[in-house]
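Student: I am new to this structure. Can we go through it by question and answer?

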Amino acid sequence: MSSVQFGVIGGGVMGEALISRLLRCQLYAPAQVLVSDRAAERCQFLQQQYGVQTTLDNRSVIAANPSVLLLAIKPQILDQVVLEIGNALAQGQVSLLIISILAGVPLDRLAAAFPQQAIIRAMPNTPAIVGAGMTAIAANGLVTPDQLAQAQQVFGAVGEVVDLPESAMDAVTALSGSGPGYVAVVIEALADGGVAAGLARPVALQLAIKTVQGTAELLQTTGMHPAELKDRVTSPGGTTIAGIAQLEQQGLRSALIEAVRAAYRRSRELGQS
């Protein structure tokens with residue numbers, strides 16, 4: 001495993017998304033990627049699907065001396081993973097860059113777990129699976145400019161990247177990290193409304209998805225403020241303003257704002273646990 005450059009602990013959905021896009025963008029060759037996962041069937045799948053190396057032992061990833069280590073595990077098992085790899089990591093190469101995508105886990109907790117290591121806290125979201133992700137990253141003081149550029153390149157393979165102070169990361173988690181879940185609920189509700197109005201469900205779902213997708217692309221491409229677009233499509237006494245009036249009456253704005261705030265509070269709770 002001496003050729004390993006990119007190590008991954010946790011071969012779940014987000015770990016797989018990053019691996020698949022990094023390979024597709026040819027940032028790494030399959031032989032340069034080593035993934036550990038507790039489930040043997042998951043390791044077998046990743047090996048067969050992508051040609052990467054896999055292991056059931058997290059310590060083997062550290063022993064392979066990758067230049068980048070991605071932590072793609074659940075925050076609740078961080079302490080257990082630290083117990084498994086802490087000593088091996090302390091004896092590893094100084095230039096190792098640790099990238100954590102653990103929701104709510106702050107840099108100071110990661111630094112306490114992995115002393116004297118360059119660490120980047122990242123918050124990608126699930127559209128990364130199709131290369132349309134949004135990732136925010138924050139680095140500790142040991143990260144070099146080259147390592148920061150390396151992390152930006154990694155997450156650039158799955159979408160757009162912003163470099164933010166860590167104080168913003170819980171808000172990022174609440175908005176873009178959890179946001180796909182909110183949008184999925186909105187799309188489902190729009191489709192249900194279409195069905196209630198007489199559309200067949202497949203057609204209603206198609207219309208809902210493309211409407212949300214197209215609106216997002218329009219706003220991004222033109223730089224138009226959402227309020228301006230809303231004003232442009234609401235004619236006096238028309239259908240859109242009638243629908244918006246109902247949204248206001250039912251408290252859609254407040255519900256979405258409170259969803260982000262609740263997710264923000266939960267992200268902070270996870271970081272303190």
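Predicted model: local features only at pLDDT ≥ 70, side-chain atom pairs only at ≥ 80, totals over all residues.

Student: Is Gln-116 buried or exposed?
Tutor: Exposed means over 50% relative accessible area. Gln-116 has 67% relative accessibility, so Gln-116 counts as exposed.

Student: What is phi of Gln-116 near?
Tutor: Most residues other than glycine have a negative phi. Gln-116 is a residue other than glycine with a positive value. Its phi is near 60°.

Student: How does Asn-65 count by relative accessibility: buried, partly exposed or exposed?
Tutor: Asn-65 lies in the loop between helix H3 (58–63) and S4. Its phi is positive too, near 55°. Buried is under 20% and exposed is over 50%. Asn-65 has 41% relative accessibility, so the residue counts as partly exposed.

Student: Which element gives the most to the largest nonpolar core?
Tutor: That core has 31 residues. Elements giving two or more residues include strand S1 (6–9), helix H1 (13–24) and helix H6 (145–156). With six residues, the one that gives the most is H1.

Student: How many residues are in the second, separate core?
Tutor: Its members include Ile-85, Ile-98, Phe-114 and Ala-136. The size of this second core is 28 residues.

Technical notes. Residues numbered from 1 in each chain as written. Heavy atoms only, no water. Core = buried A, V, L, I, M, F, W, Y, C linked by side-chain atoms within 4.5 Å. Buried < 20%, exposed > 50% of the residue type's maximum accessible area, 1.4 Å probe, protein only. Helix = DSSP H or I, 4+ residues; strand = E, 2+ residues; numbered from the N terminus.
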